[in-house]
Amino acid sequence: MFEKTRLWLCAVLLIAALPVGAQRHEIDSLTRELASAKDDSIRWYYAIQLSAAYLRISFDTSKAYGEQSLNLAGNLGKGACKARSLNTLGATYWAKGDHETALHNYFESLKISEPGGMDLLASTTLGNIGMVYSERNDVERSLEYLRRALAKKQALHDTLGLVRTLNNIGRTFFNSSQHDSALVYFQQCLPLFDVLPAQIMGKAIVLNNLGAIYLNKKDYPKARDFFNQSLAIREKLQDKGGQSVVLSNLGELALAEGKAAESIAYYERSLALSRETGSETDRAEVWKKLSEAYAELNNHPKAYGYLLKYTTWQDTLHRRESETRIADMEVKYQTGIKEAEIAKQQLQIEREQSRQRLLIIIALAMLLALTGLFQYLRNRHRLRQREAEHSLALRDAEASRLLELDRIKSSFFANISHEFRTPLTLILGPVQKWLAEHPAVPVIDIPAKDLNGIRRNAARLLDLVNQLLDLSKIESGRMRVAVSRDDLTQTLRVLGNAFESMAEQGNIRYRIEIPAESALAWFDRDKLEKITANLLSNAFKHTPPGGTVTLHAELRDDQLHLSVQDNGKGIPAEELNRIFERFYQVEGSGDKGTGIGLALVKELVALHHGSISVESKLGEGSVFRVTLPVGWGMFAADEIVENTVPVSVQEFSGKMATLQMPQTTPEETPEDPALPLCLVVEDNPELQVFIRDQLSGHFRVLLAANGRIGLDMATENIPDLVISDVMMPEMDGNQLCAALKTDERTSHIPVILLTAKAGQESRLEGLETGADDYLTKPFDTRELLVRANNLIAQRERLRKQFSRTVVLKPKDIALTSADERFLQRIQDSLDEHLGNEQFNVEELAAGVGMSRSQLHRKLTALIDQPPVEFIRNFRLRRAKEMLEAGTGNVSEICYDVGFSSPAYFSKAFKEAFGMSPSELRKG
Ligand code: ADP
């Protein structure tokens, strides 16, 4: 019975030591796992499992795996792994019965786990040490370690561990025949199974152990009770081996009670079950007990028979033991083969693995390649998309560039036509005039003044056309440099001096800084002239009187460094990089010009292999710097020509020649004050004078150089007519016209606009601002005169018409709203002061914010009534209305409308309306 109990307890112990059941197929799968594991920590885990699995099968294999796991733990450098491996090795040696080595390993493990705080492992190791001592019958030490294990299990609240340890302590006490103590521990175990429902087998073991103790204590009923409880569980679990053990114990109990027959019945049942489970030891034990029972019943033949069976078995057991030893060797041999096989398998697995790795690498490479391809395709797609977007953006940019070009072009055409039309007007004007005046003998008697004008303007036209031609030559690549050896400083000086008169006329300080000594160099004279003349004429054009223009030149290292500096109006920073563009003109500069000059300069400089730069600050001035190579070696053979013309006698035409301005002071001719007053607003001095000349004899003429001056002069003088150019600096014609038409003082003045732009659009623009007429350059001078006269006559008719009406009904007249407002305000002011006979012209003028003379000119111009007359007529008109409405008698009304004498009132009334006030009242 004790033997059996011990076996059972051992089973519990082993469960504690080996968490993994050692099944054959499990071993195979574990072996595979270990072989395929790549990670040392995983290999360690499987090595531990395998060591435990081989525990009861092969010491050597179990040991080998245990040692492998220990080595792996060393590799991993993890104390916990090492402790666990040592623990496993301890179990291996214990299973073999090598207690010393087992204890050695356990203690080594404990050395790591205890101080390392690995309490669970430490408690298990302590328990195992306790049980090894127990097996060695060293009860004292066994209990010492088992109690230490118990304390740890309690602290860890490891109930299962606690049950096992309590059971093991009970077992140790039991083995040393301390049954009471054993009872205490077994009993402590029992209630703990309530919380461990899965450990029902353990409960059956403990119940059996308790039965055994009570049997020992001869408390048979309790013993039977515990045995029966244990048996019931075994039956329920269909655990035949277990039933066989408990039945055997029950047999022993019956025998102890003296119930030999009953005992034999238990033994027979036990024997039958053990036959099924195949446990020979169990069967042999039962044979022995049966022999005892039959002996008790005095059935000696049977008793002998079972004893014989038992001893034969024992002999067999001995024989078997030696056989087992041989078999052990056989096993070892087999294991060797197995291990070799395993190694072979491992090799195969490794080969397989490397093949797999290769496959994986290939797969990865393919994946990479595919990803790369995908990326490439995606990138290409994106690139295409971006390209598409880009080209769309480019197209947009191109579209807006074309639009801009279009705008620049059309503005260029407007400008160029203006540039052409002005000189054409000045050429055609005199010619037509003289043809008209002398139809029979044309052009024989043209005064020098007119001929000069014609020559100058024809030259200007020629200059413009030449510039255009130059540009187109450059564009088509037909323009070539033709350098020759010449005196560079001399050439420049001649060039520079040509602008002196211009400086004088414009009252501009002009400094020429050119080395005095002559310097022979290689350059294209024509290009140099054009470059310098353009830069200088621009400088003079954009520099106000009082400013300074400097022409500076120096020769260094076969290079001409030329600069033209002015302290004029400067160029806005954002325009600087555009001024060299063809047809580009600085926005809103109001300048006339074509935007060709600088573009041409740049091209010419480039043709001459030079460079140009500009520096400018708005309001401070500009400096254009040109560097031109002037050494022989700088030019290609076909760019060099022989110089034949001596420098000094050459004269240049072109841009600068036309820039010589005529005097703008009007010639003093006595004027007839009765003639209508005409204001001519025109920035071209020559055209100013020309128009004035055409108008003289028909008009008194005032001249203004731009819209701003024109506006001031118009408000000041209230002219009868304004003739204005449209394109002008400061304030253009349209702006001037709008300003005149919205000012009450000037709103009545007819305006004729002169423009180079013949388009419908600019015509509309002009008419919208209230211009009364429009003339496109080049205009026939007679047409201008006719139109001017027409407008004056039209106004005259209107005035006449209104002057007859005593009181205004502004709605009847085609007036601008400013005129209406003006007349309304005058009448309001008069109504306000109707009874005040002192209210005079001064007060009325002040009331409407005008000077006396402005009011006079305005009223006379508008309705041909001087203010005094207008006031009197107004009073009379109101009196008539009152009389008709019967608001009082004649003398009352006379005072109401501001007459102090009824007699004068009656007289004036009769003059105005053809009847006396009293007659009207009666009628
Ligand atoms: P344009 O014949 O219309 O004068 P350019 O090509 O000579 O044309 O000049 C281009 C623009 O550069 C002009 O509209 C003018 O406003 C500006 N510019 C040229 N030179 C100067 C200067 N010295 N100072 C100020 N502005 C200048």
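This is a predicted model: local features need pLDDT of at least 70, side-chain atom pairs count only at pLDDT 80 or more; totals for chains, interfaces and linings use all residues.

Reader: How many disulfides does the structure hold?

Author: Zero disulfides.

Reader: How many residues does H5 have, and what distance does it reach?

Author: Helix H5 runs over residues 79–96, which is 18 residues. From its first C-alpha to its last, H5 reaches 26 Å, close to the 26 Å expected at 1.5 Å a residue.

Reader: What follows H5?

Author: Glycine 97 follows H5, and its phi is positive, near 95 degrees.

Reader: I'd like to see positive phi in something other than glycine. What is phi near in asparagine 137?

Author: Near 60 degrees, a positive value in a residue that is not glycine. Asparagine 137 sits in the loop between helix H7 (119–135) and helix H8 (139–156). Asparagine 137 is exposed, since its relative accessible area is 61% and exposed means over 50%.

Reader: Then isoleucine 718: what is its phi near, and is it buried or exposed?

Author: Phi of isoleucine 718 is near 40 degrees, again positive in a residue other than glycine. Isoleucine 718 belongs to the loop between helix H24 (707–717) and strand E10 (721–725). At 2% relative accessibility, isoleucine 718 counts as buried.

Reader: Let's change topic to the ligand. Which residues come nearest to it?

Author: There are 20 residues around the ligand, and those that come nearest are Asn538, Asp566, Gln585, Gly595 and Leu598.

Reader: How do the residues of that shell divide into nonpolar, polar and charged?

Author: Eight are nonpolar, nine are polar and three are charged.

Reader: What distances do you have for the ligand's own atoms? Start with leucine 598.

Author: An oxygen atom of the ligand is 2.7 Å from a polar backbone atom of leucine 598. For glycine 597, a polar backbone atom is 3.5 Å from an oxygen atom of the ligand. Serine 622 uses its side chain: a polar atom there lies 3.5 Å from a nitrogen atom of the ligand.

Reader: How much of the ligand's accessible area does the protein cover?

Author: On its own the ligand has 540 Å² of accessible area, and the protein covers 98% of that.

Reader: Which elements give two or more residues to the shell, and which gives the most?

Author: Helix H20 (525–541), helix H21 (597–607) and strand E7 (621–629) each give two or more. H20 gives the most, with three residues.

Reader: Where is phenylalanine 583?

Author: Phenylalanine 583 is in the loop between strand E5 (559–566) and H21. Phenylalanine 583 is buried, with a relative accessible area of 17%.

Reader: One more topic: side chains. What does the side chain of histidine 748 make a polar contact with?

Author: With the side chain of lysine 858, at 2.9 Å. Histidine 748 lies in the loop between helix H25 (733–742) and strand E11 (751–755). At a relative accessible area of 3%, histidine 748 is buried.

Reader: And what does arginine 878 make a polar contact with?

Author: The side chain of arginine 878 makes a polar contact with that of glutamate 881, at 3.0 Å. Arginine 878 is part of helix H31, residues 867–885, and counts as buried at 17% relative accessibility.

Reader: Last one: where is tyrosine 294?

Author: Tyrosine 294 is found in helix H15, residues 280–296. Tyrosine 294 counts as buried at 9% relative accessibility. Tyrosine 294 and serine 263 are 31 residues apart in sequence, and 9.6 Å apart in space from C-alpha to C-alpha.

Definitions and conventions:
Residues are numbered from 1 along each chain as its sequence is written. Side-chain values use heavy atoms; hydrogens and water are left out. A residue is near a molecule or strand if one of its heavy atoms lies within 4 Å of it. A polar contact is a pair of N or O atoms within 3.5 Å; within protein, one must be able to donate a hydrogen and the other to accept it, and residues adjacent in sequence count only if both atoms are side-chain atoms. Accessible areas come from the Shrake-Rupley method with a 1.4 Å probe; for residues, only the protein chains shown count as cover. Helices (H or I, at least four residues) and strands (E, at least two) are DSSP runs, numbered from the N terminus. Ala, Val, Leu, Ile, Met, Phe, Trp, Tyr, Cys and Pro count as nonpolar, Asp, Glu, Lys and Arg as charged, and the others, Gly among them, as polar. The expected span of a helix is 1.5 Å times one less than its number of residues. A disulfide is a pair of cysteine sulfur atoms within 2.5 Å. Buried means under 20% relative accessible area, exposed over 50%, partly exposed in between (1.4 Å probe, protein chains only).
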